[in-house]
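Hi everyone, thanks for making time this morning. I'd like to walk you through one structure, going from the overall picture down to a single side chain.

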Amino acid sequence: MAMANLARRKGYLLATKSVSSETLRYSLSLSSFIRSRGFASGSDENDVVVIGGGPGGYVAAIKAAQLGLKTTCIEKRGTLGGTCLNVGCIPSKALLHSSHMYHEAKHSFANHGIKLSSIEVDLAAMMAQKDKAVSNLTRGIEGLFKKNKVTYVKGYGKFASPSEVSVETLDGGNTVVKGKHIIIATGSDVKSLPGVTIDEKKIVSSTGALALTEIPKKLVVIGAGYIGLEMGSVWGRIGSEVTVVEFAPDIVPSMDGEVRKQFQRSLEKQGMKFMLKTKVVGVDTSGDGVKLTLEPAAGGEQTTLEADVVLVSAGRTPFTAGLGLDKIGVETDRIGRILVNERFATNVSGVYAIGDVIPGPMLAHKAEEDGVACVEYIAGKVGHVDYDKVPGVVYTTPEVASVGKTEEQVKELGVEYRVGKFPFMANSRAKAIDNAEGLVKILAEKETDKILGVHIMAPNAGELIHEAAIALQYDASSEDIARVCHAHPTMSEAVKEAAMATYDKPIHI
């Protein structure tokens, strides 16, 4: 079955995409244009202009240049990488790793025969390591721009017309960048809460939570999504008393229900407290700390909760402020997302949008895929992003990763299915390293055994999930995974065993 799927995949683009004669003529003419022009033109007009230098924007710019298109990328921050690299994915993972090392040294080293006379947190050094990682990576992207001949303009861009972007440069000047195709890749911003003012001191966003100069004794996190749980984990490991307030009845609502319950129990064992089905109705910052007024989500008696720092992590919203979208007539939906077709084109000819500003998961890797696909369409090729197969990861300890459907979603579809599970308590490598919390859960269609979803809670789940992502991409069955030889002893053997449990029986439990 796996070989047949591979053969089908090789013919995927031809078999599943219909190309109109108009598209074909455009493709041929553009290909001829690219071959004749390359980068040699002295024209002020670009083939592609990208507004935004985050994961979607900088990847789109590099890919466009690689395809022979004259490309300019505009970024207001002054450093490339967007929220993800500067104040999101990368610095948070640096702090997650550093705090995990401290926690391991304090709580686990002795079990492995490593005894320390004392251990303490040097927060300044921890932050410096995080900043160094960010700095090195942002400079690395600038190097990639130079290598691929992408023009980099530092400043705030807004549309002057569908083919012109007026840029207020960071050095105080102004310039107009012209482009045949303009891609909006401006990402997202922190979603605010009514009556809660973020000052990045007492009440912080994820940006402020990455730059605290002292470890708060009491930290309240508003929102039990990916970001809130990750940042709560960072500060909880190094000494904060963390309470998570969530309006919904569950943490990470998009997560598979069974895995979510185990995940919450794990976080509670680590000391994290949860107040679910609870809303914040008042905030008082007049004292030394913050006093929150809470009440049940359905209404009822109010209570108060005090904290030194409050992290607002209630989601993100598309960032399109000041772009001049209304000036050129770009359509958006009721929550501000830009509407695009399957080729990432807006209703305005020559204007495209990718990443967090369009519908879909607000994830850096999704934005990167959007960027590549969008540019491929512009260059006359065929791009492709399957949003049903975008993996998601919560980088706590243990990590939780998933791809495809949850069991709840499969039930809603009315599909008959099988479930296979395997606990890491029965995995040799996990037991050997004394880190055996978690499981692998696989959902497969009952009749065909086609994998519908995979969910992993484990150390390095974010790495293990990609075997499942490839399997889903190629329409593999659980038997396909089960019959692949997995090295021993490895954590990935748990994926094989869960696959065996899905279509037949596992060996080691």
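This is a predicted model: local features need pLDDT of at least 70, side-chain atom pairs count only at pLDDT 80 or more; totals for chains, interfaces and linings use all residues.

The protein has 17 helices and 21 strands. Along its principal axes, the C-alpha trace spans about 65 × 65 × 50 Å. How does the radius of gyration sit against that of a compact globule? For 509 residues, such a globule would have a value near 23 Å, and the protein has 25 Å, so the two agree. As for burial, 49% of the 509 residues count as buried. Looking at contacts with a sequence separation of 6 or more, 62% of them come from residues 24 or more positions apart.

Now to the domains. The unreviewed UniProt entry annotates residues 47-371 as an FAD/NAD(P)-binding domain. That span is 32% helix and 26% strand, and its end C-alpha atoms lie 15 Å apart. The unreviewed UniProt entry also places a pyridine nucleotide-disulphide oxidoreductase dimerisation domain at residues 390-499. Here the span is 34% helix and 28% strand, with 20 Å between the end C-alpha atoms.

On to the interior. In soluble globular proteins, nonpolar side chains tend to be buried together. In this model, the largest nonpolar core has 52 residues, and those touching the most other members are Val-50, Phe-145, Phe-159, Ile-183, Ile-184, Ile-338 and Phe-344. Helix α4, residues 55-66, gives the largest share of this core, with 7 residues. There is also a second, separate core of 34 residues, which includes Leu-95, Ile-238, Val-259 and Leu-311.

Let me zoom in on Phe-145. Is Phe-145 buried or exposed? Its relative accessibility is 2%, so Phe-145 counts as buried, the cut-off being under 20%. Leaving out residues up to four places away in sequence, Phe-145 touches Tyr-58, Ala-61, Ile-62, Cys-73, Leu-80, Val-150 and Tyr-152.

One more ring before I stop: Lys-76 lies over the face of Phe-319, at 5.1 Å from the ring centre. Thanks, and I'm happy to take questions.

Key: Residues are numbered from 1 along each chain as its sequence is written. Side-chain values use heavy atoms; hydrogens and water are left out. UniProt positions are given in the numbering used here, feature names are shortened, and annotations may be inferred rather than shown by experiment. Helices (H or I, at least four residues) and strands (E, at least two) are DSSP runs, numbered from the N terminus. Buried means under 20% relative accessible area, exposed over 50%, partly exposed in between (1.4 Å probe, protein chains only). A charge sits over a ring if NZ of Lys or CZ of Arg is within 6 Å of the ring centre and within 35 degrees of the ring normal. A nonpolar core is a set of buried Ala, Val, Leu, Ile, Met, Phe, Trp, Tyr and Cys residues joined through side-chain atoms within 4.5 Å. Contact means heavy atoms within 4.5 Å. The radius of gyration is taken over C-alpha atoms; the globule rule is 2.2 Å times the number of residues to the power 0.38.
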